[in-house]
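My notes follow in the order I looked things up.

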Amino acid sequence: MLIEKIPVGIYGANCYIISCKNTKMAAIIDPGGNAEDLIDYIDRLGLTLKYIVLTHGHADHIGAVPRLIALRSDIHIYIHEMDSTMLSDSKKNFSEIMGGPLVQVSGESLKDGDMLILGDLHLEIIHTPGHTPGSICIKVKDCLLTGDTLFDNSIGRTDLEGGSYDQILDSIKRKILVLDDKMKVMPGHGPASTIGKERMNNPFLII
Ligand SMILES: [Zn+2]
Ligand SMILES: [Zn+2]
């Protein structure tokens with residue numbers, strides 16, 4: 001498995017490209033911008049782009065989706081069913097006020113426990129509502145991509161539409177902190193961490 005982190009868009013959100021070394025199948029997680037750079041990376045490594053998976057429906061994570069569809073028509077786009085209306089509504093996903101391209105597309109729905117097969121890899125979908133109602137984390141091998149749910153030493157904001165502070169804390173405690181301390185945390189913004197480090201140091205999670 002190879003995971004490449006590429007900061008994209010005006011907010012520098014972390015986009016990740018996950019690929020299977022044996023089959024060369026690839027998935028892009030949260031393409032918030034820079035569609036051409038992402039496709040360059042895919043082509044340079046001779047990968048086959050199979051999926052786009054979105055951790056939630058905010059513009060800084062989905063901004064490049066329309067351009068990627070235009071460049072590669074045969075890809076599947078996945079988002080949790082509770083954020084799917086955000087993907088198709090440029091008001092709800094904030095692309096209308098963020099100055100980038102409008103995002104109004106449809107995707108296929110995910111729910112908790114779903115598994116996407118990417119060559120020899122399994123992408124496990126964990127529903128972690130709180131930042132948005134349909135926020136997800138994606139577990140693949142010893143890595144957890146946490147979107148805007150859990151950051152290095154912080155958690156996602158909950159003051160936007162559909163956000164809930166109680167819910168994000170509940171999601172993190174019940175569904176993320178139960179994972180192995182050694183598991184890598186790869187967030188939607190900022191540097192990487194581990195479950196153990198967040199359990200010990202994250203000021204939002206210390207009771
Ligand atoms: Zn967000
Ligand atoms: Zn974000």
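In which strand is Cys 143 found? I looked it up: Cys 143 is in strand S10, residues 143-147. I note here that the model is predicted.

**Entry: Cys 143.** Leaving aside neighbours within four places in sequence, I found Cys 143 in contact with Ile 3, Lys 184 and Met 186. I also checked Ile 195. Cys 143 and Ile 195 are 52 residues apart in sequence, yet 9.8 Å apart in space, C-alpha to C-alpha.

**Entry: the sheet.** Next I traced an open sheet of six strands. Its order is S1-S2-S3-S4-S5-S6, and the pairing is mixed. Strand S1 (2-8) and strand S6 (108-110) stand at the edges. Each has a single partner strand, so one side of each has no neighbour in the sheet. From one strand to the next the twist averages 25°.

**Entry: pairings.** I took the strand pairs in turn. S1 and S2 run antiparallel over seven bridges. Val 8 has Ala 13 in S2 as its bridge partner. The two strands form a hairpin with four residues between them. In that turn, Gly 9 has a positive phi of about 75°. S2 and S3 are also antiparallel, joined by four bridges. There, Tyr 16 has Ile 29 in S3 as its bridge partner. S3 and strand S4 (residues 48-53) pair in the parallel sense, over five bridges. Ile 28 stands opposite Ile 52 in S4.

**Entry: two positive phi values.** Where does Lys 24 sit? I placed it in the loop between S2 and strand S3 (25-29). That hairpin has five residues between the strands. Lys 24 is partly exposed, with 14 other C-beta atoms within 10 Å. Asn 34 has a positive phi too, near 55°, and is a residue other than glycine. I found Asn 34 in the loop between S3 and helix H1 (35-44). Asn 34 counts as partly exposed, with 18 C-beta neighbours inside 10 Å.

Entry: How many residues of S2 are buried? I counted seven of seven. Both faces are covered. Ala 13, Cys 15, Ile 17 and Ser 19 are on one side, with Asn 14, Tyr 16 and Ile 18 on the other. Then I turned to the largest nonpolar core, which has 50 residues. Among those with the most contacts inside it are Ile 18, Ala 27 and Ile 138. The largest share of this core, five residues, comes from strand S2 (residues 13-19). In soluble globular proteins, nonpolar side chains tend to be buried together. Leaving aside neighbours within four places in sequence, its contacts include Ile 18, Val 53, Leu 118 and Leu 123.

**Entry: Ile 62.** Last, I looked at helix H2 (residues 59-62), where Ile 62 has its place. Ile 62 is buried, because 32 other C-beta atoms lie within 10 Å. Beyond four places in sequence, Ile 62 is in contact with residues including Gly 32, Leu 54, Leu 87 and Val 103. Ile 62 and Ile 29 are 33 residues apart in sequence and 9.1 Å apart in space, C-alpha to C-alpha.

Methods:
Residues are numbered from 1 along each chain as its sequence is written. Chains are lettered from A and ligands numbered from 1 in the order in which they are written. This is a predicted model: local features need pLDDT of at least 70, side-chain atom pairs count only at pLDDT 80 or more; totals for chains, interfaces and linings use all residues. A nonpolar core is a set of buried Ala, Val, Leu, Ile, Met, Phe, Trp, Tyr and Cys residues joined through C-beta atoms within 7 Å. A residue is buried if 20 or more other C-beta atoms lie within 10 Å of its own, exposed if 12 or fewer, and partly exposed in between; C-beta atoms are placed from the backbone. Two residues are in contact if their C-beta atoms, placed from the backbone, lie within 7 Å. Two strands pair if DSSP finds at least two bridges between them. Axes are lines fitted to C-alpha atoms, for helices over the stretch in contact, and angles run from 0 to 180 degrees between N-to-C directions.
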